[in-house]
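Hi everyone, thanks for coming. I'd like to walk you through one structure today, so please have a look at the screen with me.

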Amino acid sequence: MLSNQAPRRHSRLSHPALTLIGLIFFAYFAGTGILLAQSPGDVGVDDPYFPNLGNGGYDVLHYTIDARFDVEANTLQATTLIDAQAAQALSRLNLDFQRIDIGSVRVDEGEASFEQRNGELTITPAAAISEGQVFRVEVRYGGSPSSYPFQQTIADLGWYDLESHLVGMGEPAGSSTWYPVNEHPSDKATYTFRLTAPKPYMAVASGVLVERIVGADETTYVWEMRQPMASYLTLVAVGEFVEISDETADGLPIRSYAPPHLVRRAETAFARTSEIIAAYEALFGDYPFEAVGGLVVDGGFGFALETQSMPIYDGMIIRAPINLSEQFIAHELAHQWFGNSVSPATWRDIWLNEGFATYASWLWVEQSAGLSVFGNLARNSYVELRNSRRLARPGDARGPVTGDPGVEAIFDGEVIYTRGAVTLHALRLKVGDDAFFEIVRTYYDRFKFGNASTGDFIAVAEEVSGADLSDFFEGWLFEADVPLIPELES
Ligand SMILES: [Zn+2]
């Protein structure tokens, strides 16, 4: 993690009085030596929207998830190893883990006691862990994973039993349905997945397939994600999939997977993957991972998610008219740069994912369909925003804002996706094409494989353009009314 800076104008962390209180506390505890004592790791990382997500006191370096699946029964038997480094002396620590029964927990070869409650797994090692120590947690568990109602969101999250296949994925907190995890994007880690499936099923996961161990009745698939990955971007799927293999002009492997009856459709939908990657590389910088592709499932959930190096698409999207499915694919591929390589510092920064991915998909339209189609898309989106604002809330200055939407609006189509994209277009019109794309490239290069906040992006925009953009971003990101873009008024 490179930065956790809060948006400047709406920071709850940088108030001078709070800083002073912090300093006084630090001086007090440092003076009495309490900072040297071991203490429990926090049960959350103080995310402004989801305070219990993630856990404090350590940094995960690598997950090794070894799981054997029974597709018909929707069960797994698994051992997950978590290699981590202590950020403080730890008397106990927490992981996020939902409802599967645990058999045993070990910390560095020693049996550890544990407690499972409300999605938190609390582990007390036999001996305390010292600050800076690299340690390994081993959790053995088995049972039937299931989705769970995530706090304050409508949708159940995480695990999908689709009868002919099983799928684990979910933003912001679906991974804890099938493995114990420090479930916050600020603690990214590398992963090994050793997934065993009975024949004829195949197990697919984020990353590259490095080994296939074929047994008499089952096959083990070993997938490696060797670049840092936020937990909400992990994907696992077990089912009957056909591999569709290709590569980009630069030799990047394209590996996609689809159920047999959707292979033809998937081939058509993914046909321009290489061109989209090339367009984004020219605009943003090198593609960050070792492979690219997509997984198609017949889920009936109607959405796509940018799971790392292999976004997942519901069959409904792949069956849609090609210009629509291509927009989805361009959106999820753009997330590999914005969201996956540069991940949000907190969930308040979600527009940095969705506004960028939406705008990038417009840039693909600009390149593939021409400037006038792109121009109409940008203008129509802006006019829609202005009209919607006027009709829905006449004279009312309140409402969710893009830079701090609140939990209920983190995936709001208008506030986060459309307004996020129009904000970037307004910035482009304000500073000009050269400065705008220099801002985007600098921002990406500075925060790739890490995390960034809204404040980080604003700082880069001001640094590169040399302009004071505080009023601009205040209007677009932190006020509900839609600022005027004179160039788009007809
Ligand atoms: Zn998205």
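A word on the ground rules. This is a predicted model, in which local features need pLDDT of at least 70 and side-chain atom pairs count only at pLDDT 80 or more, while totals for chains, interfaces and linings use all residues. Residues are numbered from 1 along each chain as its sequence is written, and side-chain values use heavy atoms, with hydrogens and water left out.

Let's begin with the metal. Which residues coordinate the zinc ion? They are His331 and His335, each through NE2, and Glu354 through OE, at 2.0 to 2.1 Å. Donors here are N, O and S atoms within 2.8 Å of the metal (3.2 Å for Na, K and Ca), and since water is not among the atoms, sites may look incomplete. Along the chain, the zinc donors follow the spacing H-x3-H-x18-E. Within that set, His331 sits in helix 5 (residues 322-334) and Glu354 in helix 6 (residues 351-369), so this pair links distant parts of the chain, 23 residues apart. When I say helix or strand, I mean DSSP runs numbered from the N terminus: H or I of at least four residues for helices, E of at least two for strands. His331 and Glu354 are both buried. Buried means under 20% relative accessible area, exposed means over 50%, and partly exposed lies in between, with a 1.4 Å probe and protein chains only.

Now to strand 2, and to one residue in it. Asp83 lies in this strand, which covers residues 75-86. Is Asp83 buried or exposed? At 16% relative accessibility, Asp83 counts as buried. The side chain of Asp83 makes a polar contact of 2.8 Å with that of Arg136. A polar contact is a pair of N or O atoms within 3.5 Å; within protein, one must be able to donate a hydrogen and the other to accept it, and residues adjacent in sequence count only if both atoms are side-chain atoms. Leaving aside residues up to four places away in sequence, Asp83 touches Asp59, Val60, Leu61, His62, Phe135 and Arg136. Contact here means heavy atoms within 4.5 Å.

Nine of the twelve residues of strand 2 are buried, so strand 2 is largely enclosed by the rest of the structure. Strand 2 runs antiparallel to strand 1, and twelve bridges join them. For pairing, DSSP has to find at least two bridges between two strands. One of the bridges puts Thr75 of strand 2 with Asp70. Strands 1 and 2 form a hairpin with four residues between them, and Asn74 in the turn has a positive phi of about 55 degrees. Strand 2 also pairs with strand 8 (residues 134-143), again antiparallel, over ten bridges. There, Gln77 has Gly142 as its bridge partner.

Strand 6 is joined to strand 7 (residues 120-124) by five bridges, and Arg117 stands opposite Glu120.

Another open sheet has five strands in the order 9-10-11-16-13, also antiparallel. Its edges are strand 9 (148-149) and strand 13 (202-205), each with a single partner strand, so one side of each lacks a neighbour in the sheet. Strand 13 and strand 16 (residues 236-239) pair over four bridges, with Ala203 opposite Val238.

Last, the aromatics. How many aromatic pairs does the structure hold? There are 36. Rings of Phe, Tyr and Trp (its six-membered ring) pair if their centres lie within 6.5 Å; planes under 30 degrees apart count as stacked, over 60 as edge-to-face and the rest as tilted. Tyr63 and Tyr191 are stacked, at 4.7 Å centre to centre and 20 degrees between the planes. Tyr63 is in strand 1 (residues 58-70) and Tyr191 in strand 12 (residues 189-198), 128 residues apart. Tyr63 counts as buried at 1% relative accessibility, and Tyr191 counts as buried at 1% too.
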